[in-house]
Amino acid sequence: MSYIKDIINKDLSENQKKAVLHIEGPLLVFAGAGSGKTKTLTYRVAYLIEELKVKPDNILAVTFTNKASEEMKERIKNLLNKDINLFWIGTFHSMCSRILRKEIVYLGYNKNFTILDEDDSLKIIDEAIKNLEFQKNYFQSREIYNKISYIKSRGLFVEDYIPKDGYDEALKKIFLKYEEIKKKGNLVDFDDLINFVTKILNQNDIISRYYSEKFKFILVDEYQDINPAQHKLLKALTKYNKNIFVVGDDDQSIYKFRGSSSELMLSFKDDFEKVEVVYLSENYRSTETIVNASKFLIKNNKTREEKPLYAIKSGGDKIKLYRAINEIDEARFVIKKIIELKETGIDFSQIAILYRTNAQSRTFEEAAILFSIPYRLVGGIKFYQRKEIKDLLSYLRIVLNERDFLSLERVFNFPKIGVGEKTFDKIKFYLETEKSLIDSLEKILEITKNKKVNNSITKFIENFKKWKNLQDDIFELINSIISDVLFLENIEEEKKENIYEFLNIVKEFNDRTGSTRLEDFLSYISLISDVDTIDTSDKITLMTVHSAKGLEFNSVFIVGLEEGLFPHFKSLLSNEDIEEERRLLYVAMTRAKENLYLTYSMRRTRMGVPEFLDPSRFLNEIPEEFIDKITTDLKEKSKIINEE
């Protein structure tokens, strides 16, 4: 028996083995919470490479976070006991970004395109509204952005959008202008990455056949969370090759607001012929109490695949339920319990507080500070959104993509070189007609009489020519930019630490990939999500349930379980939305390995006004046999009220 088969027989359950050893045709794996789906995916890739001699370059494995893909790569390398290039294991967006760097010219773009972040997309929408002379107070850029993103998540383009009324007509005009501005700047947003690849595959049969035959085996993690755009992409990639392996759990589909739908997983058997189905039913993560309580909760959903799930870990403590007088009482109870858990030997890093909305974090942050408990806040100010980091990234982006007017505008404003709005508008105009940024700037030098501006632009051209020649050495390029524009001299002392940390990230990127190319680094940076950058030091974690997807902790506190908060008030009028909220709580509960706490407040202050609230309906769906209600003296609670 081969080495890899021996490990498979020793380490995997019968159903995990069945999934791993499947070879030809489509396979649908329903993997219950904590059932080892990542392990199954990892062993399957290792089996394909080692036993079936499939080249790593012919395997496409899609995950939903960079963190998940990096963990999978490490596990595969450890299994195979060798360092191999697993280039095509990554997220939907990273995979599509790689394809577009080669194929986007088919759509009239340059391969050195810039991937916009959300803030940059909002700026372009503002510009589109301004160009159309629409009233800014009537069209909110955030609302327009969300609508455009939702349309694209359906796999639709602006020409596919059919307006229903006057507002929609205006929306389509903004959408059209947004796309026009992006194309002029050689810019793409996150949703474009997926839709553009699908469009190319559907319109060019030569390219379609190349990738369909290249990826002899396609594996997709978290299939319950794909949206219609990702579904269309997978259909295009499997046009000539049906070896697709998808794994997920429809009970954990929680991204409807992004366009995802569990029904795409449930209808997988209709998308492909002769689909084999495997159920992973053993939960290796949570105690029997937590698994059974979660099962009773989720069984109240009607739109789901009925499937077995049982805990390997028998017994377990009951779930603790605490009724707080208000949010201050709730936060102090949670932090005091965390102190008790720490005293039993549980690390802070193994404890999480999960809430429905980011706004709930404040009282827990304050209580953690009060009791000197170290914490990390997931979803706060993101590292790559800090001004000094965005400024430095803008220099790098304009070197790669000379038509990126958003980055150029930031560059000219840090440090300021005296280029005003009218002059910059002329530069943008020339960028559309001239061959290069340098040609555009030299045109400005011909017509500008301001000596200070001329000197600044001349100096920039000189530096820019040097930077263009350093694109294959990201270290030298960044150090040259920092030195040439006196970057560190123009920022506050405390912000310099962020620049030093950025340089550490560059080194980590090089250590991980072996690349020093600017193009590779910017692609990597643009696709990092907040969850990918969670540190692992000994701190408790504060995060929304959505952010907790795919994570696990020894002890979990799920807070704010009140009607109107969890389930959220926006979901109360729709059974479909209530089922999504129930799935969200199911995901939260199944993050816990040993200890699970549920809390709700009788009263909560909203917009400065105290409101009396009912407990979440979901609490009544968990049988009392699994619950241990914690009570405290009402006089003590009254003291908390009086202290406010």
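Reader: Let's start in a strand. What stands opposite V62 in β3?
Author: In β3, V62 stands opposite G90. Strands and helices here are DSSP runs, E of at least two residues for strands and H or I of at least four for helices, numbered from the N terminus. This is a predicted model, where local features need pLDDT of at least 70 and side-chain atom pairs count only at pLDDT 80 or more, while totals for chains, interfaces and linings use all residues. Residues are numbered from 1 along each chain as its sequence is written, and side-chain values use heavy atoms, with hydrogens and water left out.

Reader: How many bridges are there between β2 and β3, and in which sense do they pair?
Author: Strand β2 and strand β3 (residues 89-91) pair over 3 bridges, in the parallel sense. Two strands count as paired if DSSP finds at least two bridges between them.

Reader: How does the chain get from β2 to β3?
Author: Through helix α4 (residues 66-80), in a β-α-β crossover that is right-handed. Right-handed means that, with the strands pointing away from the viewer, the path from the first strand over the helix to the second runs clockwise.

Reader: Which other strand is joined to β2?
Author: Strand β6 (residues 217-220), which runs parallel to β2 and is joined to it by 4 bridges. The bridge partner of L60 in β6 is I218.

Reader: Is β2 mostly covered or mostly open?
Author: Mostly covered: 5 of the 5 residues in β2 (residues 59-63) are buried. Buried means under 20% relative accessible area, exposed means over 50%, and partly exposed is in between, with a 1.4 Å probe and protein chains only.

Reader: Which way do the β2 residues point?
Author: I59, A61 and T63 point one way and L60 and V62 the other, and all are buried. In a regular strand the side chains alternate between the two faces of the sheet.

Reader: What about the loops around there, where is K53?
Author: K53 is in the loop between α3 (37-50) and β2. K53 is not a glycine, yet has a positive phi of about 60 degrees. K53 counts as exposed because its relative accessibility is 60%.

Reader: And N81, buried or exposed?
Author: Exposed, with a relative accessible area of 65%. N81 sits in the loop between α4 and β3, and has a positive phi of about 60 degrees although it is not a glycine.

Reader: New topic. What domains does the chain have?
Author: The assignment gives domain 1 (3-98 + 195-284), domain 2 (114-185), domain 3 (297-381 + 535-641) and domain 4 (385-530). Those bounds come from an automatic or database domain assignment.

Reader: How many residues does the contact between domain 1 and domain 2 take?
Author: 10 residues from domain 1 and 9 residues from domain 2, where contact means heavy atoms within 4.5 Å. The centres of domain 1 and domain 2, taken over C-alpha atoms, are separated by 33 Å.

Reader: What area is buried between domain 1 and domain 2?
Author: About 760 Å², with carbon and sulfur atoms giving 54% of it. Buried area is the accessible area (1.4 Å probe) that two parts lose on being put together, summed over both.

Reader: Which residues have the most contacts inside the largest nonpolar core?
Author: L396, F412 and F502, in a core of 71 residues. A nonpolar core is a set of buried Ala, Val, Leu, Ile, Met, Phe, Trp, Tyr and Cys residues joined through side-chain atoms within 4.5 Å. Helix α17 (residues 387-400) gives the largest share of this core, 8 residues.

Reader: Why does this core lie between domain 2 and domain 4?
Author: Because domain 2 (114-185) and domain 4 (385-530) both give residues to this core.

Reader: What does F502 touch?
Author: Leaving out residues up to four places away in sequence, F502 touches F383, Y384, I389, L392, L393, L396, I478 and F521. Another core, of 43 residues, lies apart from the largest one, and F196, I226, L264 and F268 are among its residues.
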